[in-house]
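Morning, everyone. Please look at the model on the screen, and I will walk you through it.

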Amino acid sequence: MTERGVRLGTVQETLLIPLYGRAVEHRKPEPALRDPTEEIVASIDYDFSRFDNQPSLFGSVLRTSLFDCWIADFLAAHPAGTVVEIGTGLNTRYERVDRGRARWFDLDLPDVIDLRRTFFSDAPRRTMVSGSVTDEAWTDTVSQADGPYFFAAEAVLPYLEESEVRHVVDLIANVSPVRCWPWTPTVPTSSTTRTSTTC
């Protein structure tokens, strides 16, 4: 795979932390999740060693593992539902937990989607959406899919102002106003975090 440089905004560049965290975790004998992303890491011209030994590295892995479990639970109950990854970065959750029937949307800013398209392609059930989560345009695309919906905003909302977060919640509510999923989230234990599909 040809090495690629990274041209991302300051906030967008933080997507490299969970990418590298998953690659490092994958090398462990008993990882919190399995995610062979080392080929992507190796193909990006970037000094990932700056993240070594930072608490945020493993923290991002734990957060990703939790979201994997929650979405796996959702897809077990609604295998033909729709998953919307808000601020998708270079996430590979589709590869980890997809059950073969769900509709997926990967939403992020244009520079991130440009980078993402060098590693991933759209497919009949999976679509990349370029734009800001605060822009209403993405909801037009997502609302064409059948619900129920799972909106995963794993690490994007902390970068928004409170008013922007409220606006995003309103946008989500407009996509799925009455299709609520009665659900108690699964909290992974040491015995359930070794693979993301056995939550």
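I will go through the fold, the salt bridges, the pockets and a few backbone details.

Some ground rules. This is a predicted model, so local features need pLDDT of at least 70 and side-chain atom pairs count only at pLDDT 80 or more, while totals for chains, interfaces and linings use all residues. Residues are numbered from 1 along each chain as its sequence is written, and side-chain values use heavy atoms, with hydrogens and water left out.

Fold first. The chain has seven helices and six strands. Those are DSSP runs, numbered from the N terminus: H or I of at least four residues for helices, E of at least two for strands. Along the sequence the pattern reads β-α-α-β-α-β-α-β-α-β-α-β-α.

How much of the chain is buried? Of the 199 residues, 46% are buried. Buried means under 20% relative accessible area, exposed means over 50%, and partly exposed is in between, with a 1.4 Å probe and protein chains only. Now contacts, meaning heavy atoms within 4.5 Å. Take those with a separation of 6 or more: residues 24 or more positions apart account for 65% of them. The chain exposes about 10,100 Å², and carbon and sulfur atoms supply 51% of that. Accessible areas come from the Shrake-Rupley method with a 1.4 Å probe; for residues, only the protein chains shown count as cover.

Next, charges. Side chains of opposite charge can pair when their charged atoms come close. Here a salt bridge is a side-chain nitrogen of Lys or Arg within 4 Å of a carboxyl oxygen of Asp or Glu. How many salt bridges does the whole structure have? The search finds 16.

Look at Arg-93. Its salt bridge with Asp-68 has the closest N and O atoms 2.6 Å apart. Arg-93 lies in helix H4 (residues 93-97) and Asp-68 in helix H3 (residues 55-77), so the pair ties together parts that are 25 residues apart in sequence. Arg-93 also forms a salt bridge with Glu-85, with the closest N and O atoms 2.9 Å apart. Buried or exposed? Arg-93 is buried, at 0% relative accessibility. Asp-68 is buried too, at 0%. Glu-85 is buried at 3%. A network of salt bridges links Arg-22, Asp-35, Arg-63, Asp-68, Glu-85, Arg-93, Arg-96 and Glu-154.

Now another pair. Glu-38 forms a salt bridge with Arg-27, and the closest N and O atoms are 3.2 Å apart. Glu-38 sits in helix H2 (residues 38-43), while Arg-27 is in the loop between helix H1 (16-26) and H2, 11 residues apart. Glu-38 is partly exposed at 33% relative accessibility. Arg-27 is partly exposed at 49%.

On to pockets. Rolling a probe the size of a water molecule over the atoms shows where empty space is left. On a 1 Å grid over the protein atoms alone, where a 1.4 Å probe fits, a pocket is an open set of points with protein on both sides within 12 Å along at least five of seven lines, and lining residues have an atom within 4 Å of a point. Points are joined across faces, edges and corners, and a volume is the space filled by probe spheres set on them.

The largest pocket has a volume of about 600 Å³. It has 32 lining residues, and the closest to its centre are Thr-14, Gly-87, Asp-108, Ala-155 and Val-156. H1, H3, strand S3 (82-86) and strand S4 (103-108) each supply at least two lining residues.

The second largest pocket has a volume of about 180 Å³. Its lining has 12 residues, with Pro-36, Thr-37, Ile-40, Thr-92 and Glu-95 nearest its centre. H2 and H4 each supply at least two of that lining.

Finally, the backbone. Most residues other than glycine have a negative phi, and most peptide bonds are trans. Which peptide bond is cis? The one from Gly-147 to Pro-148, with omega near 0°. Pro-148 lies in the loop between helix H6 (137-142) and strand S6 (149-152). Asn-53 has a positive phi, near 65°. Asn-53 is in the loop between strand S2 (44-45) and H3, and counts as exposed at 79% relative accessibility.
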